[in-house]
Amino acid sequence: MKLSAVAFLSCAMNCANGFTMTQLSAGPDMGKTALKASQLEQLSKMTTLSIDSGDIKVIEKYAKTGFITDATTNPLFVSQAGSSGDPKLVDDAVAFALSSGEKDESEIIALAIDALAVNLGASIASIVKGYISTEVNPKLAFDTEASVSRGRRIISMYEKKGIPKERILIKLPATWESILAAEILEKEGIQCNLTLIFSFVQAVACAQRGAHLISPFPGRVLDWYKAKEGRTEPTEPENDEGVVMCKKIYNYYKKFGHDTICMPASWRPSRGPGYETDEILALAGTDRMTIPAPLLEKLEDSDENIPRVLDPGTAKSCDEKELGNGMLHEKEFRYLLNMDGCGNDKLAEGLRAFIAETEKLEEIIRAKVHQSSH
């Protein structure tokens, strides 16, 4: 059974663009090749996909597929850019901060870190056509006024680089204070991405206060329940607590008319090794997803059919009840979050991890500031 050179070349080109080549059929159609869309392409037709990476080369690779439109960064990626990324991004950020006229070293370092995050984001913005998420210093998670000020500054820095605010999402952790900061910024036309969401109440409060987008973490929710219950056996994806939470959020938003986008991030294999895309496939159809490169590769390498799981039409008929009569207030939010063991524990753990990465970066920037001052 032979394949002509022209047919082979056509197959190769299509495979590179997100198709995989199925086995040749026998009989009268012998010599014809059936092409099936990769899971990456299938998923991109029902959910807007973002790449979760700060690696410019990796982002370029997946942007070229046409299936990835956005990119998200976090303090880890910015810290990596500061320690082992393009030295010019760091040097430019430090030079910018030193030329600001600011005298206080801690403020110079904070400005340099924001400049580095914006430099990284601007590099990414030249590659992808959609949103770029840039995070406010997580140390400000409990300071509404400071978070608002920092969000405004980041947007201003992007605009000076010619990148409009409509393309930027200011990333904030979903503490009560940061949710209020997002409410203020959104009223000014600055769109926000509320992250570190591990509980339903966080998601609802974000939507009620007008957040543009949220990032719930299904994988870390599963981690918490497995650790709490000592589970080692596989979990079916539909029973995965992180998947259940994200479905509940999606359905609630559609039922009660919230425009807030649900964009899950941080994935785990529900059934264990070898099933790394379980949670992704179990949430097919959600508004958006942000996915790291290794999992994008797995989706790209498979052509198994992906059925749509989440749909706005069926979501509206869910049996969820409205929280807080449509507007949760601080006391109720804090009570419900405290009573959610996973949400409370994982939010604190996530903040500590992000702050630790920020502190590593502060030391790198401090050393650069000292070098430049001598």
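Student: Which residues is Q42 in contact with, leaving aside its neighbours within four places in sequence?

Tutor: Q42 is in contact with A37, D303, E304, N305 and I306, where contact means heavy atoms within 4.5 Å. The model is predicted: local features need pLDDT of at least 70, side-chain atom pairs count only at pLDDT 80 or more, and totals for chains, interfaces and linings use all residues. Residues are numbered from 1 along each chain as its sequence is written, and side-chain values use heavy atoms, with hydrogens and water left out.

Student: Why is Q42 called buried?

Tutor: Buried means under 20% relative accessible area, exposed over 50%, and partly exposed in between (1.4 Å probe, protein chains only). Q42 has 14% relative accessibility, so it counts as buried.

Student: Where is Q42 found?

Tutor: Q42 is found in helix α2, residues 39–44. Helices (H or I, at least four residues) and strands (E, at least two) are DSSP runs, numbered from the N terminus. The protein chain has 16 helices and ten strands. Of its 374 residues, 52% are buried.

Student: What makes α15 roughly perpendicular to α16?

Tutor: Helix α15 (residues 330–339) and helix α16 (residues 341–373) pack at an angle of about 95 degrees, with their axes 4 Å apart. The α15 and α16 pair is therefore roughly perpendicular, the class for 65 to 115 degrees; under 35 counts as roughly parallel, over 145 as roughly antiparallel and the rest as oblique. The axes are lines fitted to C-alpha atoms, for helices over the stretch in contact, and angles run from 0 to 180 degrees between N-to-C directions.

Student: Which residues meet where α15 contacts α16, and how many of each class are there?

Tutor: L337, N338 and M339 in α15 meet G341, G343, N344 and L347 in α16. By class, the contact of α15 with α16 has three nonpolar, four polar and no charged residues. Ala, Val, Leu, Ile, Met, Phe, Trp, Tyr, Cys and Pro count as nonpolar, Asp, Glu, Lys and Arg as charged, and the others, Gly among them, as polar.

Student: What is the phi of L196, and why is L196 called buried?

Tutor: Phi of L196 is positive, about 55 degrees, although L196 is not a glycine. Most residues other than glycine have a negative phi. L196 lies in strand β7, residues 192–197. With 0% relative accessibility, L196 falls in the buried class.

Student: What is the phi of S266, and where is S266 found?

Tutor: S266, a residue other than glycine, has a positive phi near 70 degrees. S266 is found in the loop between β9 (261–262) and α12 (278–282). Its relative accessible area is 14%, so S266 is buried.

Student: How do you know that K88 and D92 form a salt bridge?

Tutor: A salt bridge is a side-chain nitrogen of Lys or Arg within 4 Å of a carboxyl oxygen of Asp or Glu. For the side chains of K88 and D92 the N to O distance is 2.8 Å. K88 and D92 both lie in helix α5 (residues 87–98), four residues apart, about one turn of the helix. K88 counts as exposed at 52% relative accessibility, whereas D92 has a relative accessible area of 36% and is partly exposed.

Student: What makes K187 and E183 a salt bridge, and is each residue buried or exposed?

Tutor: The closest N and O atoms of K187 and E183 are 3.9 Å apart. K187 and E183 both lie in helix α8 (residues 176–187), four residues apart. K187 counts as exposed because its relative accessibility is 70%; E183 is buried, at 16%.

Student: Why are K360 and E357 about one helical turn apart?

Tutor: K360 and E357 are three residues apart in helix α16, which means about one helical turn. K360 forms a salt bridge with E357, the closest N and O atoms being 3.4 Å apart. K360 has a relative accessible area of 48% and is therefore partly exposed. E357, at 16%, is buried.

Student: How many salt bridges does the structure hold, and which residues are linked in a network?

Tutor: The structure holds 22 salt bridges. E105, E363 and R366 are linked in a network of salt bridges.
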